[in-house]
Amino acid sequence: MHVHFIAPERYVRASHEIVRHPRLRATAKTLLLWALSLPPGSRDTILTLGSRSPEGRMAVSGARAQLIEEGYSQRGGRPVRRGGGLR
């Protein structure tokens, strides 16, 4: 089956590795995509993203832990994977 989507003018590209990751929950994928969409130099953190997320801070905290476990983020440091770092 071939599905064709027209992307909005401004959008985030994500690798198939992220989209099809077998262990990442949807909240973790959404958080990662949200972080990747931030402009360079943004001061947003997991806490600020969590306070605006409809899932809430606990879900975002769990998603962040999963991203750290899977190597997409690390606590308080530089990104682990190119383009995929969260604070």
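Predicted model: local features only at pLDDT ≥ 70, side-chain atom pairs only at ≥ 80, totals over all residues.
Visitor: At what angle do the axes of H2 and H4 cross?

Guide: They cross at roughly 80°. The axes come within 8 Å. Angles of 65 to 115 degrees count as roughly perpendicular, so that is the label for H2 and H4.

Visitor: Which residues do those helices cover?

Guide: H2 covers residues 26–37. H4 covers residues 57–69.

Visitor: Zoom out. How many helices and strands are in the chain?

Guide: Four helices and zero strands. From the N terminus, the order reads α-α-α-α.

Visitor: And how much of the chain is buried?

Guide: Of the 87 residues, 26% are buried. Now take contacts between residues at least 6 apart in sequence: 47% of them join residues at least 24 apart.

Visitor: Back to H2. Is Lys29 buried or exposed?

Guide: Lys29 is buried. It sits in H2.

Visitor: Which other residues does Lys29 touch?

Guide: Skip the neighbours within four places in sequence. Then Lys29 contacts Ile18, Val19, Arg20, His21 and Leu24.

Visitor: New topic. How many salt bridges are there in the whole structure?

Guide: One. The side chains of Glu70 and Arg23 form a salt bridge, at 3.0 Å from N to O. The pair links distant parts of the chain, 47 residues apart.

Visitor: Where do the two partners sit?

Guide: Glu70 is in the segment after H4. Arg23 is in the loop between H1, residues 16–19, and H2.

Visitor: Why does Glu70 count as buried?

Guide: Because its relative accessibility is 12%. The cut-off for buried is under 20%.

Visitor: One more. What about Ser37?

Guide: Ser37 is also part of H2. With a relative accessible area of 39%, Ser37 is partly exposed.

Visitor: What does its side chain reach?

Guide: The Ser37 side chain reaches the backbone oxygen of Trp34, at 2.7 Å.

Visitor: How far is Ser37 from Arg10?

Guide: In sequence, 27 residues. In space, 9.5 Å from C-alpha to C-alpha.

Methods:
Residues numbered from 1 in each chain as written. Heavy atoms only, no water. Helix = DSSP H or I, 4+ residues; strand = E, 2+ residues; numbered from the N terminus. Buried < 20%, exposed > 50% of the residue type's maximum accessible area, 1.4 Å probe, protein only. Lys, Arg positive; Asp, Glu negative; His and termini not counted. Salt bridge = Lys/Arg side-chain N within 4 Å of Asp/Glu carboxyl O. Contact = heavy atoms within 4.5 Å. Axes fitted to C-alpha atoms, helices over the stretch in contact; angles between N-to-C directions. Parallel < 35°, antiparallel > 145°, perpendicular 65-115°, else oblique. Polar contact = N/O pair within 3.5 Å; in protein donor to acceptor, adjacent residues only side chain to side chain.
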